[in-house]
Amino acid sequence: MHLSTHNWMRAEPLETTLKRIKKFGYESIEISGEPEQYKTKETRALLKEHGIRCWGAVTLMLGERNLAAKNQGQRERSVQYVKDVLTMVSELDGEIITLVPATVGKVVPDGTEEEEWKWVVDATRECFTHAKKVGVKIAVEPLNRFETYLFNRGAQALALADAVSPECGVCLDAYHIHMEEFNVYDAIRQAGKRLFDFHVADNNRFAAGLGQIDWPKIVATLREIGYDGALTNEFVAPVDRTPAAPYPDMVERNPVDISPEQLKFIQDHGSSVLTEKFYTDQMRINAETLLALIK
C-alpha cells in the first residue's frame, strides 16, 4: 500500500499540491476528473519533476453528468466525459479511475429500477470498452445516500462491476462505508481482489485520525485481502460557522482560480474553499496517521 491524495478539494496550482504532498510522504495523486484543466504533456513533466506518479482520477459527476440519466443524449455526453477522463489518465501513465455513475447530489431517480439498471449498465460497459483500449482500470465507487440514491454500498457497486466485466472493480471510501455498510470490514472482504482503490477520510470527513474510525483495523483488513493499492486522501472538512468552531481560520476569504462549478461541488459537500494552512495541516495529519500503519 502507498499514500495518495485527490486534489479537487482545494483550487490551487498543481505544482503547489505536488510540493506539499511530496514533503509529507505521499507517493501518488488522483487528478481531478476535469480533462480540460490539464495539458497532459506538461502535467507528466510536472509529476516527474516532483517525483509523484499519477495513480488515477475520480469522475466529478457535476451538473448533467449521469450514466443513469433517462435522456439518451445526456447519457451519451456523460459517457464521452468518462472516456475523456480515461484518456487523460492513460496519457499520465495512471492506473485507475474511480467511477461515480450518477450525478452527485441527485437523490431522485429518473425511471424505474429496471430502466435505470439497463441505462447505467449499458453506459458503463461502453466506458469499460474504452478503458480496455487505453489500458486503465475502472473502479465503481458507492457514495452515501445523501449524495446519491443509486449506489451506496459495496455490494451494489460489485453488482454493477459484475454486470460489466470480471475485470471491472470497485472503490470503497472509509467515510461512506462507515455510514452505509452493515459491517465495514466485511464490505472490504467482500470486495476482495476486486478492490482497486480505497479512499480515506475519517467519519467526520476530516483527515484520518481526527475522528472515530479504527484505522489500524481498516489497514489490517486491507492487508488481509491482499490489497496493495493506494490509500487516497479525500477529506472534505465541514465548515463550522458558529463560535464553537475549533478551526476559526479554515475558510479562505479571497479564493482565486476556482470555477463556479468546482466551488459549488465543494460547497455541496458541506465545505468551502480552505486556507492553505488548514489544508496543509489536514494533509500532514492524514499522512502521519496512515504512514505509521502501512510502512
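Predicted model: local features only at pLDDT ≥ 70, side-chain atom pairs only at ≥ 80, totals over all residues.
**Ground rules.** Local features need pLDDT of at least 70, side-chain atom pairs count only at pLDDT 80 or more, and totals for chains, interfaces and linings use all residues. I number residues from 1 along each chain as its sequence is written, and side-chain values use heavy atoms, without hydrogens and water.

**Entry 1, the barrel.** I looked up the strands (DSSP E runs of at least two residues; helices are H or I runs of at least four, and both are numbered from the N terminus). Eight of them form a closed barrel, E1-E2-E3-E4-E5-E6-E7-E8, with parallel pairing. Pairing requires at least two DSSP bridges between two strands. From one strand to the next, the twist averages 30 degrees. (Axes are lines fitted to C-alpha atoms, for helices over the stretch in contact; angles run from 0 to 180 degrees between N-to-C directions.)

Which residues of H2 (residues 40-50) are buried? I found Thr 40, Thr 43, Leu 46, Leu 47 and His 50. Buried means under 20% relative accessible area, exposed over 50%, partly exposed in between (1.4 Å probe, protein chains only). Down the axis of H2, the buried residues fall within an arc of 120 degrees, so they line one face of the helix. The arc is taken from the directions from helix axis to C-beta atoms. On the other side, Lys 41, Glu 42, Lys 48 and Glu 49 are exposed. Just after H2, Gly 51 has a positive phi of about 65 degrees.

In H8 (residues 215-224), I found Trp 215, Ile 218, Val 219, Thr 221 and Leu 222 buried. Their arc is within 160 degrees, so they line one face of H8.
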